[in-house]
Structures are given as structure tokens and as C-alpha cells.
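I opened the notebook to look up a few things in one structure. The entries follow in the order I took them.

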Amino acid sequence: MLSRLRELTTAQLMRVEISDQPVGDMLPGEDELPEMQAHHIDPFTGEDDMQMAGLAFEDAPVSGGRVPAVDRDPNDPSTWGKVGRNELCPCGSGKKFKHCHGAFL
């Protein structure tokens with residue numbers, strides 16, 4: 001086992017390349033970096049919420065019958081749509097939905 005460890009260590013050391021360039025020159029410039037893309041895969045449906053190209057995170061479609069929190073009326077449960085179990089309850093109690101209106105009776 002020790003001889004195998006020595007072999008692996010020696011093999012890694014033989015692959016090391018020493019460069020005299022400053023570290024700043026080795027980093028890619030902003031124009032060389034690929035464009036980043038955001039993805040959010042729904043674990044239940046497997047759909048990609050950000051599948052439309054160029055869609056900003058704030059403009060992402062609300063899927064699965066969910067209504068954005070700003071569009072929910074705390075006094076009218078019919079406007080809540082589908083509420084996540086761990087989200088705050090839209091009624092304004094401050095409790096999680098699963099402990100308030102989403103609790104099993």
C-alpha cells in the first residue's frame with residue numbers, strides 16, 4: 001500500500017508545471033468567460049423553470065399553479081394558489097404554511 005502511495009505521489013509530482021507568469025495573467029478576462037445561465041429544476045415535474053433563453057430571474061414564469069406572494073390577498077384563500085409547505089402562510093400569521101392553513105386536520 002505504501003509503495004502504491006509513493007508511485008501515485010511521484011506520478012503527480014512529475015506532471016507539475018512551473019510557470020513564471022504572474023497569477024493575474026493566468027486568470028481569464030471578463031470577455032473570455034462564458035455567459036452564465038440560471039436553472040431551476042422542479043423536483044416533482046423535472047421541468048426547467050428557466051428554459052426560455054434570455055429570461056431574467058425576476059421574470060421567470062411561476063409554474064405549478066403558484067401565485068407570487070405579492071399577488072396573494074391575505075383575507076381571500078382563493079387567491080393564494082398553490083403555496084409551498086415551507087413558505088410563510090399567506091394569511092399573515094408568520095407561521096409556515098404547513099403549521100397554519102396547510103396543516104392536516
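Entry 1, the whole chain. I began with the term contact, which means heavy atoms within 4.5 Å. I then looked at contacts in the protein chain with a separation of 6 or more, and residues 24 or more positions apart account for 0% of them. I noted that this is a predicted model, where local features need pLDDT of at least 70, side-chain atom pairs count only at pLDDT 80 or more, and totals for chains, interfaces and linings use all residues. Residues are numbered from 1 along each chain as its sequence is written, and side-chain values use heavy atoms, with hydrogens and water left out.

I looked up the secondary structure and found 2 helices and 0 strands in the protein chain. Helices (H or I, at least four residues) and strands (E, at least two) are DSSP runs, numbered from the N terminus. For burial I used relative accessible area: buried is under 20%, exposed is over 50%, and partly exposed is in between (1.4 Å probe, protein chains only). Of the 105 residues of the protein chain, 10% count as buried. The protein chain exposes about 9,400 Å², and carbon and sulfur atoms supply 57% of that area. Accessible areas come from the Shrake-Rupley method with a 1.4 Å probe, and for residues only the protein chains shown count as cover.

Entry 2, salt bridges. How many salt bridges does the structure hold? I found 2. The rule asks for a side-chain nitrogen of Lys or Arg within 4 Å of a carboxyl oxygen of Asp or Glu.

I placed both residues in helix 1 (residues 2-14), where they are 3 residues apart, about one turn of the helix. Glu7 counts as partly exposed because its relative accessibility is 48%. Arg4 is partly exposed too, at 47%.

I then looked up the side chains of Arg72 and Glu87, which meet in a salt bridge at 3.2 Å, N to O. This pair links distant parts of the chain, 15 residues apart, with Arg72 and Glu87 each in the segment after helix 2 (23-26). Is Arg72 buried or exposed? Its relative accessible area is 11%, so Arg72 is buried. Glu87 has 28% relative accessibility and therefore counts as partly exposed.

A polar contact of 3.2 Å joins the side chains of Arg72 and Glu87. A polar atom of the Arg72 side chain also lies 3.2 Å from the backbone oxygen of Trp80. Leaving aside neighbours within four places in sequence, I listed the contacts of Arg72 as Val67, Thr79, Trp80, Lys82, Val83, Glu87 and Pro90.

I found Pro90 in the segment after helix 2. Pro90 is buried because its relative accessible area is 12%. Pro90 and Trp80 are 10 residues apart in sequence and 7.0 Å apart in space, C-alpha to C-alpha. With neighbours within four places in sequence set aside, Pro90 is in contact with Arg72, Pro74, Trp80, Val83 and Phe97.

Lys95 counts as partly exposed because its relative accessibility is 47%.

A disulfide is a covalent bond between the sulfur atoms of two cysteines. The rule used here is a pair of cysteine sulfur atoms within 2.5 Å. How many disulfides does this rule give? The count comes to 0. I looked up why for Cys91: the closest cysteine sulfur, in Cys89, is 3.5 Å from its own, too far for a bond. For Cys100 the closest cysteine sulfur is also in Cys89, at 3.7 Å, and that is too far for a bond. Cys91 is partly exposed at 25% relative accessible area, and Cys100 is partly exposed at 24%.

Leu13, Val16 and Ile18 form a nonpolar patch on the surface, with about 380 Å² of accessible area together. Patches are made of residues with over 30% relative accessible area and no salt bridge; like charges are joined within 9 Å, nonpolar side chains (Val, Leu, Ile, Met, Phe, Trp, Tyr) within 5 Å. I placed Val16 in the loop between helix 1 and helix 2. Val16 counts as exposed because its relative accessibility is 53%.

Conventions:
A polar contact is a pair of N or O atoms within 3.5 Å; within protein, one must be able to donate a hydrogen and the other to accept it, and residues adjacent in sequence count only if both atoms are side-chain atoms.
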